Amino acid sequence: MKRLIAIAASLALLAWVAWDGRWQGLADAFRRLDLLALMLAIAGFAASYVLRAGRVYDEFRRDAHGRFGVCLRIVLIHNAMVNVVPFRGGEAAFPVLLGRNFGTPLARAVASLFWFRLQDALVVAMLAVGVWPDLPLPLRLAGIVGLVAVAWYLPRWARAPHAWAERGGAAAKLAKLRDAFADSTRHARFGWAWTLANWSVKLATQAWLLASLLPGGLAVGAAGALGAELAAILPVQGVAGFGTYEAGAAAAMLPHGVPFENGLQAALALHLFVIACAVASGAVAWLMPAPPVASTSPDHSHLSGRH
């Protein structure tokens, strides 16, 4: 049912764009961007990719052995796959690439991905609560405090002693995932700083680009960018995000006086630009393969004491 809803949302967007020559409005939105605007947007997304790679390097620094470029390659390929493979299937690229490049166990890689996505969701939610229009101050503060409490409690819950492994069956498998999750939260020294920096740059870039596409003010673009990203973390999304991403952005810009049709056109143009950057950078990373793990350090015997 979730996949049927996702397909229906994407087909609805395609039908809307094809109806009554709305492709022309999409082309007009792109014409509003000059070369400087395009270069600044590309630079913003590139900075976001580097910050994401920093987060991966921070957590897997013992396995990376100084190979930041490999972490960047993993991030770029994973990002491209997430943007183009339907139904979040591209997420599988992350544990696969970690295993190939660093020999990371599957449970550890999956737990790390889960922790990254959880950090993303919490940071975006905090930013949304912090800037949501017309939200009473007590409710705003309560929302932020609640989200901070969840972010503080989850790693401590994962690292707390437990006897799940002794129960056997499904509980034993969940115990391995919980332990791997605890390992992820323990090794990332600056995980929250990387996450906050990445999302600040990413949302600022999208806000500025969306404001240029409308055209409109930066506050309008920020609302649309937040709406799009909040829609992107919903359990049901369009194919490759098409449909739900645009609807989230357009709905968030309605209180700012942007007609829903104009918001959809600008959000679709932004979405296409985001995917183009992701696919292009992922293709470049794919064409520049990383060296095998064994070739980076022929003799690991002297490192055995570091664990």
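Which loop is P215 found in? P215 sits in the loop between α11 (191-213) and α12, and one of the views below takes a look at that spot. Everything here comes from a predicted model, where local features need pLDDT of at least 70, side-chain atom pairs count only at pLDDT 80 or more, and totals for chains, interfaces and linings use all residues. Residues are numbered from 1 along each chain as its sequence is written, and side-chain values use heavy atoms, with hydrogens and water left out.

**View A. Helix α7 against helix α8.**
Here α7 (residues 106-131) meets α8 (residues 137-159). Helices in these legends are DSSP runs (H or I, at least four residues), numbered from the N terminus. The two axes come within 8 Å and cross at roughly 165 degrees; axes are lines fitted to C-alpha atoms over the stretch in contact, with angles running from 0 to 180 degrees between N-to-C directions. The pair is therefore roughly antiparallel (angles under 35 degrees count as roughly parallel, over 145 as roughly antiparallel, 65 to 115 as roughly perpendicular and the rest as oblique). The crossing of α7 and α8 is left-handed, meaning the near helix is turned anticlockwise from the far one by less than a right angle (clockwise would be right-handed). On the α7 side, look for W115, L118, L122 and A125, among others; on the α8 side, the partners include R140, G143, I144 and L147. Contact means heavy atoms within 4.5 Å. By class, the contact of α7 with α8 has 14 nonpolar, two polar and one charged residues (Ala, Val, Leu, Ile, Met, Phe, Trp, Tyr, Cys and Pro count as nonpolar, Asp, Glu, Lys and Arg as charged, and the others, Gly among them, as polar).

**View B. Helix α7 again, now with helix α12.**
The axes of α7 and α12 (residues 218-232) come within 10 Å and cross at roughly 140 degrees. That makes α7 oblique to α12, and the crossing is left-handed. V124, L127, A128 and V131 in α7 touch L226, E229 and L230 in α12. Sorted by class, this contact has six nonpolar, no polar and one charged residues.

**View C. Helix α3 across helix α14.**
Helix α3 (residues 35-59) and helix α14 (residues 260-287) have axes that come within 11 Å and cross at roughly 60 degrees. That makes α3 oblique to α14, with a right-handed crossing. From α3 come L38, A41, I42, F45 and Y49, and they meet F273, V274, C277, A278 and S281 in α14. The residues of this contact divide into nine nonpolar, one polar and no charged.

The whole structure holds seven aromatic pairs (rings of Phe, Tyr and Trp, the last by its six-membered ring, with centres within 6.5 Å; planes under 30 degrees apart count as stacked, over 60 as edge-to-face and the rest as tilted). The ring centres of F94 and F116 are 5.8 Å apart and their planes are at 65 degrees, so the pair is edge-to-face. F94 lies in α6 (residues 93-102) and F116 in α7, so the pair ties together parts that are 22 residues apart in sequence.

Most residues other than glycine have a negative phi, and most peptide bonds are trans. The peptide bond from L214 to P215 is cis, with omega near -10 degrees. H65, in the loop between α4 (61-64) and α5 (68-84), has a positive phi of about 55 degrees although it is not a glycine.

Note on methods:
Helices (H or I, at least four residues) and strands (E, at least two) are DSSP runs, numbered from the N terminus.
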